[in-house]
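Try each task before reading its solution.

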Amino acid sequence: MTTRTILVVDDSAVMRKLIAAALAEGDYQVLLAADGAAAMLHARTAAVDLVLTDWNMPAMGGHQLIRELRQLENHAETPILVLTTEASDAEKAGARAAGASGWLRKPIEPATLLEVVASMVAD
Amino acid sequence: MDITEFYQTFFEEADELLAEMEQLLLGLDMDAPDSEHLNAIFRAAHSIKGGAATFGFVALTDTTHLLENLLDRARHQEIRLRKEMIDAFLETKDVLQEQISAYRAGAEPDPDMVARICAVLQQLAQEESAGAKPAAPAPVAVAAAVPAPAAAAAGNAQLRVRFSRISESDRKLLSAELENLGTVAAQTQSEDSLTLWLETSCEADDIIAVCCFIIDIDQIDITQEAATPALPAAEPLPVEPPEPAPAKVVAITAATAPPKVAAAATVAAAPAAAKESSSIRVDVEKVDQIINLVGELVITQSMLAQTAATLDPVLHERLLNGMGQLERNARDLQESVMSIRMMQMDYVFSRFPRLVRDLTDKLGKQVQLVTFGKATELDKSLIERIIDPLTHLVRNSLDHGIEQPEQRIAAGKDPVGELLLSAQHQGGNIVIEVSDDGAGLNREKIVAKAIQQGMAISDTISDDEVWQLIFAPGFSTAEKITDVSGRGVGMDVVKRNIQEMGGHVEIASRQGNGTTTKIVLPLTLAILDGMSVKVGNEVYILPLNYVIESLQPRAEDIHSVSNEEQVLHVRGEYLPLTELHRVFSVADARTDPTQGIVVILHGEGKRFALLVDQLVGQHQVVVKNLETNYRKVAGISAATILGDGSVALIVDVAALQRAGREKAPLLAAA
């Protein structure tokens with residue numbers, strides 16, 4: 001299995017660090033972005049196998065980011081997981097409507113994160 | 001993975017978010033709130049909550065959860081903002097700050113405080129739900145509310161439940177069913193399948209039993225995952241992939257985001273790949289050491305310059321050119337080093353919007369705060385020491401200066417008072433003003449109070465001199481003692497603090513038209529432009545910003561007022577004459593004023609003449625604290641080392657002025 005690349009998008013530095021550290025337990029290449037614009041730059045220029053994105057972000061929120069990602073030819077099918085704090089139904093429905101492949105509840109359990117990510121990039 | 005190593009980042013981020021939240025809350029227009037601002041406030045609470053939950057900071061999670069809920073409803077216009085609400089939000093912000101401080105110190109936050117603020121927020125939420133008129137928020141001691149969703153599932157097994165070949169409507173039903181059975185940690189779906197990670201105490205069979213009502217048993221696949229470890233996480237169990245290898249982390253800075261966000265993105269990179277940030281933290285002591293060394297360099301340079309000045313310019317042209325270059329370089333170096341210590345006044349001004357808001361509420365007044373010159377830079381040591389005096393002046397203006405709205409309307413003024421804070425450079429000084437459009441100082445009241453306190457007051461005392469009276473220790477004309485600005489102990493402290501910083505305070509006021517307090521400070525304490533003067537064999541330095549002019553007096557201009565007192569007639573004005581040799585008991589000095597030189601100085605709005613033997617020159621001198629190197633000497637503010645290596649004392653002009661003025665009441669009484 002080749003090394004998979006995961007793009008992590010969160011405006012919180014703590015969250016980015018934590019997720020990167022959790023993913024460090026697996027064999028992944030991790031790309032970090034503090035906002036939607038940086039995430040789009042990554043998505044256009046690097047081969048990204050999975051996107052983990054926060055929902056509530058300034059400027060470009062998770063909703064808009066997913067829509068824009070889905071319009072990119074190379075990311076029409078890329079798994080996108082939304083990180084939501086309370087996993088509110090409205091957010092989950094919004095994420096699905098925008099084209100997300102699923103969601104992960106914050107606080108993130110490193111083991112769960114690794115399992116979910118692994119299941120998404122395995123095939 | 002040790003979660004505690006991320007604490008520091010979280011605390012710093014939370015501090016920033018709270019500061020941003022406060023600023024946005026203060027700027028919020030309650031009638032027409034900017035939705036972007038509301039979103040940003042919500043996001044701040046949301047982000048703090050997310051971090052707090054991750055780190056298992058339960059009290060912080062609970063408090064931010066309640067705050068976030070209210071903010072969420074506010075941003076969706078489900079509730080209308082009221083002033084009490086903003087007050088409660090601001091109070092919550094303070095409590096959150098304290099909670100973070102507690103966690104930072106490795107302690108748990110005070111549970112009573114948490115319970116109290118949670119009760120306030122719940123009360124607000126209930127009032128809004130009921131649509132009832134707000135009652136006074138009752139400080140009910142509700143046991144720390146709201147279960148932390150994070151902690152709920154600790155110890156439970158985690159199941160991976162996979163449904164295949166299901167329809168969209170079944171997907172919804174199934175995910176709803178599973179949420180009833182436990183906590184769904186994650187959920188993913190592909191075209192016709194749905195996978196949920198469920199933390200639950202139920203057995204796999206129980207789940208199958210429930211789901212069988214919706215789909216067939218062969219569409220369900222349940223596997224047991226690792227048990228959920230309690231937070232803070234110990235070593236997680238990497239189920240797959242089997243061979244853990246360090247992730248290759250690549251950082252990218254935000255592409256089109258503002259610089260602040262870009263910086264944040266840089267910080268985000270894992271330690272190994274972290275990019276250099278554009279600023280560094282340095283111990284102030286190190287900077288001060290450099291400043292000191294540069295000071296010594298400047299001294300050496302001026303020493304060389306003095307020697308070189310005696311050389312033949314034709315024979316030593318190259319040396320003298322080099323000297324000129326050295327002087328320019330030394331000066332540039334000094335300026336750049338000094339600029340390291342400079343901070344923007346915004347550091348001080350930014351704390352006042354909150355103070356003004358809280359105080360005006362308390363006092364029932366309406367005040368608009370205007371700040372000007374936030375980018376003006378001031379030495380770090382001065383900027384820290386100016387906060388207290390400035391806070392005092394702002395409190396005074398709000399408490400005693402600006403009137404109640406009714407009084408203002410009666411006086412034909414706008415009911416909303418204005419408080420202006422400004423900072424600007426003037427020459428080698430920075431001038432900070434606190435100005436209000438309130439009632440102004442009351443001359444009669446101050447004079448009456450001064451007489452009552454046993455001060456000798458002349459009938460012809462000028463307004464400026466009356467205003468100076470309020471700087472006397474223990475002086476207060478406040479009609480009632482308030483807990484806002486107290487008993488007027490303070491203006492003397494304000495003045496003393498400012499003087500210790502090498503500055504002075506001036507007051508301008510017109511009854512009914514407000515008061516302006518002006519603080520004049522040197523830009524830095526480390527270097528001073530001075531005029532060196534000789535008295536006997538001693539050299540003294542006079543700070544150049546006090547010096548107006550120097551002249552050789554004629555005998556007919558000097559008049560004796562008494563045995564001790566002399567005045568000098570300068571262009572129609574009589575100035576008290578102080579003899580420097582007498583102040584410091586210098587032997588072999590010129591005692592006949594017509595044989596010496598008189599320097600006209602101004603301190604605290606008054607002018608006086610100082611007799612010295614001769615002027616030596618102007619220098620930039622490095623100020624050496626006399627108290628730390630020797631002891632405090634009356635009339636001397638500091639010392640410096642001259643180009644020839646000898647020590648010269650820097651005269652405390654304000655102290656000389658005061659010493660002269662203490663005799664003034666005797667004159668007035670005579």
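Two residues are in contact if their C-beta atoms, placed from the backbone, lie within 7 Å. Keep in mind that this is a predicted model.

**Exercise 1.** Find what share of the contacts in chain A with a separation of 6 or more comes from residues 24 or more positions apart.

*Solution.* Begin with the elements: chain A has 5 helices and 5 strands. Now take the contacts with a separation of 6 or more: 61% of them join residues 24 or more positions apart. To finish the picture, 68% of the 123 residues in chain A are buried.

**Exercise 2.** Work out which strands of the chain B sheet stand at the edges.

*Solution.* First write down the strand order of this open sheet, β7-β9-β10-β12-β11 in chain B, and note that the pairing is mixed. Then look at the two ends: β7 (367–372) and β11 (504–509) of chain B each have a single partner strand, so each has one side without a neighbour in the sheet. On average, neighbouring strands here are turned by 15 degrees against each other, direction ignored.

**Exercise 3.** Describe how β9 and β10 of chain B pair, then place the helix that touches β7 and β9 of chain B.

*Solution.* Start with the strands: β9 (residues 417–426) and β10 (residues 429–436) of chain B are antiparallel partners over 8 bridges. Within this pair, Ser422(B) lies opposite Glu433(B) in β10(B). The helix is α12 (residues 352–363) of chain B, which packs on the sheet, its direction making about 165 degrees with that of β7(B).

Notes:
Residues numbered from 1 in each chain as written. Chains lettered and ligands numbered in written order. Predicted model: local features only at pLDDT ≥ 70, side-chain atom pairs only at ≥ 80, totals over all residues. Helix = DSSP H or I, 4+ residues; strand = E, 2+ residues; numbered from the N terminus. Buried ≥ 20, exposed ≤ 12 C-beta atoms within 10 Å, placed from the backbone. Pairing = 2+ DSSP bridges. Axes fitted to C-alpha atoms, helices over the stretch in contact; angles between N-to-C directions.
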